[in-house]
Amino acid sequence: MDTLEQINCEVVACKNCILSDTRTNTVPGEGPENADIMIIGEAPGFNEDKEGKPFIGAAGRLLSRLLTNAGLTRDDVYITNTVKCRPPDNRNPLPFEMDQCKKYLERQIELIDPEIIITLGRFSFNRFFPDETIGAARGKLRKQGDQKFYPMYHPAAALRQDRFKKLLEEDMMNLRSLLKDIYISTASTSSKEESMNSGEQLSMF
Ligand code: URA
Ligand code: SF4
C-alpha cells in the first residue's frame with residue numbers, strides 16, 4: 001500500500017531530472033493525508049528549497065492569509081507542487097522536469113483523494129488542462145472525470161501586481177461558499193455532514 005511517507009522517501013532520493021543536481025532539499029509536500037482540499041503550486045523557491053517545506057516564503061505567507069478568506073487554515077489542506085525540487089534561479093519548470101515528477105503528484109492525488117484540487121498559477125493548471133488559459137478558467141469550479149478543480153492565479157503573481165491580488169482574494173472568498181455547497185451535496189454518506197452540522201470540522205461553515 002502506497003503511503004505519503006513512502007512517496008516522500010522516494011522523492012528525497014529522486015534523481016530523475018537535472019533539478020536534483022542543484023537542489024538543497026526536496027519539497028515533497030505537506031499536510032494531512034485525509035485532507036479534503038489539495039493545493040498544487042508550481043515549484044519550490046529559495047526558502048522552500050532551504051527548509052524542504054512548500055510555500056513558506058513571501059508567496060506562502062500570502063497564501064496562508066488568503067486561505068482564511070475561504071475559512072481555511074494550512075492544517076486543513078495538503079500543499080504540494082508540480083515539481084518537488086527548486087529550478088535554479090526560480091526559472092520555470094521545464095516540460096521534461098514536470099513529466100519526470102508527475103508520477104509523484106499522481107500518487108499523492110490518488111492517496112489523498114481530495115474533494116477538490118486547487119491549482120495555483122498556469123503551470124499547475126496546465127498540468128491538468130493543457131489547452132486552456134488560466135485567465136479564462138480562474139475562479140470557476142470544474143470537473144475532470146470525478147475530480148473537482150478550482151483554478152486560481154498564483155500568489156507570487158499577486159505579490160507582483162495588485163490586479164492579481166484582488167482577483168485571488170475574490171476567488172478565495174468564493175471558494176468559501178463553493179466548499180459549503182460541496183459538503184452539502186456530498187455529505188450524505190460521510191461524517192462530513194455530522195461535523196458540518198455540529199460545526200466541529202471545517203469550523204468556518
Ligand atoms: N511557489 C510555489 O509555486 N511553490 C512553493 O512551494 C513556493 C512558491
Ligand atoms: Fe525527481 Fe521531481 Fe526532483 Fe526531478 S523535480 S529530481 S523528478 S523529485
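## Shell around ligand 2

In this predicted model, helix H5 gives the most to the shell around ligand 2, contributing 3 residues. H5 spans residues 95–112, and both H5 and helix H2 (19–22) supply at least two residues of that shell.

The residues surrounding ligand 2 are Cys-14, Asn-16, Cys-17, Leu-19, Ser-20, Arg-23, Lys-84, Cys-85, Gln-100, Cys-101 and Tyr-104. By class, this shell consists of 6 nonpolar, 3 polar and 2 charged residues. The site of ligand 2 is the largest cavity.

## Packing of H1 against H5

Helix H1 covers residues 4–13, and its axis comes within 10 Å of the axis of H5, with a crossing angle of roughly 170°. Angles over 145 degrees count as roughly antiparallel, and H1 and H5 are therefore roughly antiparallel to each other.

On the H1 side, the contact is made by Leu-4, Gln-6, Ile-7, Glu-10 and Val-11. H5 contributes Tyr-104, Arg-107, Gln-108, Leu-111 and Ile-112 to this contact. Tyr-104 also belongs to the residues around ligand 2. The contact of H1 with H5 has 6 nonpolar residues, together with 2 polar and 2 charged ones.

## Packing of H5 against H6

The axes of H5 and helix H6, which runs over residues 121–128, come within 12 Å and cross at roughly 75°. An angle of 65 to 115 degrees counts as roughly perpendicular, which makes H5 roughly perpendicular to H6.

From H5, the residues that meet H6 are Met-98, Asp-99, Lys-102, Leu-105 and Ile-109. Their partners in H6 are Phe-123, Arg-127 and Phe-128. The contact of H5 with H6 divides into 5 nonpolar and 3 charged residues, with no polar ones.

How values were computed. Residues numbered from 1 in each chain as written. Chains lettered and ligands numbered in written order. Predicted model: local features only at pLDDT ≥ 70, side-chain atom pairs only at ≥ 80, totals over all residues. Heavy atoms only, no water. Near = heavy atom within 4 Å. 1 Å grid on protein atoms, 1.4 Å probe; cavity = no way out; pocket = protein on both sides within 12 Å on 5 of 7 lines; lining within 4 Å. Sits in = over half its atoms within 2 Å of the grid points. Helix = DSSP H or I, 4+ residues; strand = E, 2+ residues; numbered from the N terminus. Nonpolar A, V, L, I, M, F, W, Y, C, P; charged D, E, K, R; others polar. Axes fitted to C-alpha atoms, helices over the stretch in contact; angles between N-to-C directions. Parallel < 35°, antiparallel > 145°, perpendicular 65-115°, else oblique. Contact = heavy atoms within 4.5 Å.
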